[in-house]
Amino acid sequence: MAKMLKLKTNLNNSEFYISSLAIGILEGMKSGTVPFEVGIWSLGRPVFWNNFDNTNSLSDDLLNCIKTFDEIDSIKSASSHRSALKMIEELLTSLRTCQKNSLLNSPDLKLSSFIE
């Protein structure tokens, strides 16, 4: 059985860490180091964001960005690679705002990790 890495933090820190993770994935997609298909389905799967849908731990802006990941592939297929990159840039701008706003509440950003 594969080992699992689990990261644990206070729920109040989730906006910062998820926006940071999303920024990193999108930057990787933009640079070509992360294939579009891999990046899109990393955070864009409902199994990831469903847990946050009914909590107030993530802003609507962040949730909407995450839920939009799967549209990048549709735009790339229907339009062009350039259109997909434009969408990524727009998402990055929104995510950076989410990240910046998350720091306004002075989160402690403590993080622990476990390997099981």
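How many disulfides does a search of the whole structure find? The search finds zero. The legends below describe a predicted model.

View 1. The sulfur of Cys65 has its closest cysteine sulfur in Cys98, 5.2 Å away. A disulfide requires the two sulfur atoms to lie within 2.5 Å, so this pair is too far apart for a bond. From the side of Cys98, the closest cysteine sulfur is that of Cys65, again at 5.2 Å. Cys65 counts as buried because its relative accessibility is 5%, and Cys98 is also buried, with a relative accessible area of 4%.

View 2. Glu15 belongs to helix H1, which covers residues 14–31. This residue is buried but has no salt bridge. Lys67 carries the nearest side chain of opposite charge, 12 Å away. The Glu15 side chain instead makes a polar contact with the side chain of Ser59, at 2.7 Å. Leaving aside residues up to four places away in sequence, Glu15 touches Ser57, Leu58, Ser59, Leu62, Cys98 and Ser102.

**View 3. The chain around these sites.** Six helices and two strands make up the elements of the chain, in the order β-α-α-α-α-α-α-β from the N terminus. The C-alpha trace spans about 40 × 40 × 25 Å along its principal axes. Buried residues account for 32% of the 116 residues. Of the contacts between residues at least 6 apart in sequence, 74% join residues at least 24 apart.

How values were computed: Residues numbered from 1 in each chain as written. Predicted model: local features only at pLDDT ≥ 70, side-chain atom pairs only at ≥ 80, totals over all residues. Heavy atoms only, no water. Buried < 20%, exposed > 50% of the residue type's maximum accessible area, 1.4 Å probe, protein only. Helix = DSSP H or I, 4+ residues; strand = E, 2+ residues; numbered from the N terminus. Lys, Arg positive; Asp, Glu negative; His and termini not counted. Salt bridge = Lys/Arg side-chain N within 4 Å of Asp/Glu carboxyl O. Polar contact = N/O pair within 3.5 Å; in protein donor to acceptor, adjacent residues only side chain to side chain. Contact = heavy atoms within 4.5 Å.
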